[in-house]
Structures are given as C-alpha cells and as structure tokens.
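Work through the exercises below with the sequence and the model side by side, and try each task before you read its solution.

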Amino acid sequence: MAAKPLRNAVMPQILTLYRVCAAGRFGINCTQTCPTICFNTTCDSVSGVCLLCRAGYYGNFCDKALYMFWQFAMKQHMDKTVTKPVPRPALIRDVIQLMGSVFNAFQVLLETSVVNKCDPVNGKCKVCIPGYKGDFCAQTCNEKTYGQNCSLNCSTKCTDQKCDPVNGKCYLCIPGYIGDFCNQTCNEKTYGQNCLLNCSSKCTDQKCDPVNGKCILCIPGYIGDFCNQTCNSTFFGQNCTGQCSENCTDQKCNHISGTCNSCYPGHQGDVCNQCKQSYLIFFSFCNRTSYGQNCSLNCSASCVNESCHPVNGTCDLCYSGYHGDYCEDECQETKYGQNCLENCSSSCTENKCHHINGTCNLCYPGFHGDFCNIICPPGQFGQNCSGVCNSNCNNILACNNVDGHCYNGCKDGYIGNQCDKECENQHFGLNCTQTCSVNCLPNSTKACNHVSGACLYGCAEDYSGTFCQSQGTLHFKVS
C-alpha cells in the first residue's frame with residue numbers, strides 16, 4: 001500500500017535533484033527546512049516533499065508509520081549510512097540499497113520462522129526454526145544450546161559443551177568419546193580425542209580407560225598407570241607381587257616369568273629349586289638335622305623335627321609360632337600358628353595373643369576363656385568377669401557383661417547404671433521419683449527412708465504416723 005504514494009512522491013522529485021537550494025532546505029529563497037523525518041533531512045527544493053523517509057515511515061512528508069518488519073529493514077539500512085548529508089547523486093543509489101535491505105529483512109523473517117508464520121501487525125515470529133530465537137528469530141542460539149527455541153542443552157561430552165545450534169551435533173568430542181553427539185565411548189583398545197590413540201600393548205588384553213589411556217590391569221611383569229614400568233629385579237609376575245627365589249643369584253629373576261637369571265652354587269632349575277647331583281652326592285651322608293660343609297652345622301631347633309636343607313640349612317617346615325628361612329622369627333603380636341597365618345581373636349585386648357597357640361594375653365571386659373570368646377556368665381561382668389551384678393538390680397542376673405549396668409532397672413530406693421546409689425534430696429521409691437512428706441523432720445541429707453518413704457527423724461509439730469500423715473501432738477522417731 002505504501003509503494004504507490006512513495007513512488008508518486010519520490011520519483012518526480014528525483015528529476016529535480018539539482019535545484020539551487022542546499023540539502024535540507026526548500027521553498028522561496030530556500031528559507032524553509034525539510035521535515036526532520038525525511039531521510040538525511042533531504043526533501044524537494046520546491047515542494048518540501050521528502051525524497052526518502054526514515055525507518056518506519058512513509059508518505060509525502062513521511063508522516064505515516066510502516067509495519068515493524070519495514071522498520072527493522074530500514075534500521076539495518078540506516079545503521080550502514082552516515083548521518084552527515086549525502087551528496088544528491090547518491091540518493092538514487094540509496095533508494096536501491098534501501099529496497100534491497102527491505103527485501104533482505106523480509107527474507108530473514110520468512111526463512112527463520114516456522115512455516116513462515118509471523119504476526120501480521122508487528123512481524124514477530126510465532127515460532128522459530130531450530131537454531132534461532134527472539135521476537136523476529138534473528139538471534140542464533142548461544143554456543144551451549146540448540147534446537148527449537150534453543151531449549152536443548154548441548155551434550156556435556158561436547159568439548160566446552162559447544163554444538164551446532166540447529167541439530168545439536170558436537171563440533172568436537174572430549175577425550176574418550178566419539179559420534180555426532182559424542183555419546184559413544186571409545187572401544188576397549190583406544191582412547192583420547194576422537195579415540196585416535198591405542199591402549200598400551202602392556203595393558204591386559206590391551207584394555208584401558210577411554211579418557212586417559214590408563215591400563216585397567218597390566219600383563220605380568222609390568223606396573224604403573226600405563227604399564228610402562230618393569231618390575232624391579234627381585235620381583236615378577238602380575239602386579240609384580242611374585243618374589244624371585246632366594247636361590248637365584250642376588251635373588252634376581254625374569255620380571256615376567258620369575259625364571260632365575262642364574263643360580264647359587266649347588267642349585268639348578270628355572271627357579272633354582274633343585275640341587276645339582278654333585279651336591280646331593282657330596283652332602284648325602286648328612287642326616288636331616290645337620291647341614292653344610294662336612295655336616296658341621298645343626299639345623300635350627302625351630303625347624304620341625306630339626307630337619308633342614310643339607311646345603312644351606314633352611315628349614316623344611318617351621319613349628320607353630322615361627323617363620324623365616326631358619327624359623328628364627330616369632331610371629332608378630334597379632335598372628336600365631338603354622339607360618340603365622342592365623343589371626344588372634346578380636347576379643348583379645350589389642351588383638352594380641354600367644355604366638356604359638358593363639359591364646360589371648362588379656363581379654364576385653366565382658367569376655368573370658370583362652371581365646372576370649374566366651375561371654376561372662378549371668379550375674380558377672382567386667383575384666384575377667386570379676387565383677388558381680390549389684391543386688392539392687394531388679395534382676396541380679398540381668399546386667400551388662402561389659403560394664404554391669406542393670407538391664408531391668410533398679411529396685412525401689414536406688415538409681416544409677418549399676419543401681420549403686422541411694423535416693424537423695426528428700427526422695428524415695430521407684431527411680432527416686434517420690435518426695436518425702438513435708439511433715440517429716442529432715443537432717444542434713446535426708447528426711448525419710450529411701451525405699452519406703454517412712455519419716456526417719458520424727459514428725460513436725462501436730463503430726464504423727466509412719467509417714468507423718470496424721471495430724472496430732474505425738475512425736476516419734478522410726479528406728
């Protein structure tokens with residue numbers, strides 16, 4: 001609708017652009033100023049009709065408002081122009097550029113609105129296509145969101161959580177993940193950025209962490225996060241937990257298999273656990289209780305039957321309570337038995353026991369017996385069960401085996417965990433909850449019997465009776 005008035009007003013005036021008045025003025029002697037709403041305040045030198053309107057307006061004098069999307073287009077054009085007067089030959093170019101801006105704005109609104117629907121009055125989009133937001137769908141999603149109205153978050157597996165604003169595909173995955181949305185982990189044998197790195201061949205089955213490449217488990221003979229360190233010279237095997245044979249020279253062996261590099265004299269075999277025939281002949285006359293050159297040395301008394309190796313004297317087997325090559329070391333305080341493999345009872349004080357038979361050195365309170373595994377009998381408690389439950393317990397056989405506190409409470413007149421305290425402060429009875437009669441005569445600590453409540457030191461004036469409950473003149477004292 002605005003095109004015809006604009007054309008009728010502007011086009012005839014373009015032919016008169018080179019009149020005498022300077023830009024911004026018109027009329028007789030150029031005494032009048034063009035309307036400020038004219039684009040660049042430029043108008044026809046004779047009539048004052050605007051050659052072009054500012055964004056959002058149309059009409060001969062630019063006094064009529066355009067719809068919102070026209071305003072948007074013209075504002076784009078205005079933002080690209082300078083505010084100083086434009087040379088008149090450039091106005092035709094400006095008209096063409098403005099029409100282009102209007103067309104481009106209209107295209108943006110069409111392309112970024114779902115099914116090209118917008119408000120017919122102000123041009124605001126009803127819904128944006130994925131990847132755009134705003135009243136006019138002119139803003140792209142921020143770098144961590146995507147989709148319809150930018151309502152979806154990019155995957156946390158995307159590097160810096162950045163993804164395509166339209167479909168959410170990650171630009172790049174964090175180490176350990178692949179796929180358009182970085183939702184697939186690397187296969188078992190690869191790791192890192194885009195899963196391009198291979199797990200170490202020293203990892204068991206070549207399996208490693210998909211993010212950092214650390215091995216799940218090392219093959220025998222290797223240790224370290226990446227299984228790139230060999231066992232030290234005296235250990236071998238899985239996690240380097242195997243110890244080389246003491247018959248290996250300097251106790252050194254192959255880090256994978258444990259095979260000795262060489263044997264001490266007299267030994268042979270992969271792990272040097274066999275005697276050489278010449279040594280067996282040389283030492284064959286030794287009985288099992290002696291060893292060494294000329295069988296001059298006696299086996300340790302801690303060896304079972306005092307039997308040992310004829311060459312080096314190491315015990316075939318240790319008696320209970322001892323360990324070591326020559327069975328010379330007692331078990332540590334919390335161990336006992338053959339090869340010190342048994343644990344002392346947890347009921348032993350500090351878990352300490354005899355190194356040979358495991359009997360406890362001392363029991364925790366509440367237990368007794370050689371292995372402190374027997375609870376104190378009813379009515380007893382404490383260290384070695386030497387304590388006796390208090391006779392003031394409601395049930396003398398029902399007290400705690402450790403500290404002796406009464407399970408069923410106390411008899412009348414007594415309180416405390418072990419019922420070992422009489423009622424005080426003018427109280428008596430069950431749990432000391434009753435109060436002595438106010439008519440009992442008190443002394444410094446009590447006025448009545450802690451069990452029955454009978455007045456101990458007589459009654460106040462004009463009162464009598466066991467509990468001073470009768471009013472009268474008789475005074476008496478309960479013995």
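**Exercises on cysteines**

Cys-327 has a relative accessible area of 0% and is therefore buried, where buried means under 20% relative accessible area, exposed over 50% and partly exposed in between (1.4 Å probe, protein chains only). This is a predicted model, in which local features need pLDDT of at least 70, side-chain atom pairs count only at pLDDT 80 or more, and totals for chains, interfaces and linings use all residues. Residues are numbered from 1 along each chain as its sequence is written, and side-chain values use heavy atoms, with hydrogens and water left out.

**Exercise 1.** Find which handedness the disulfide of Cys-318 and Cys-327 has.

*Solution.* Begin with the distance: the sulfur atoms of Cys-318 and Cys-327 are 1.9 Å apart and form a disulfide, a term for a pair of cysteine sulfur atoms within 2.5 Å. Next take the torsion about the S-S bond, which is about -85°, so the disulfide is left-handed. Finally, Cys-318 counts as buried because its relative accessibility is 5%.
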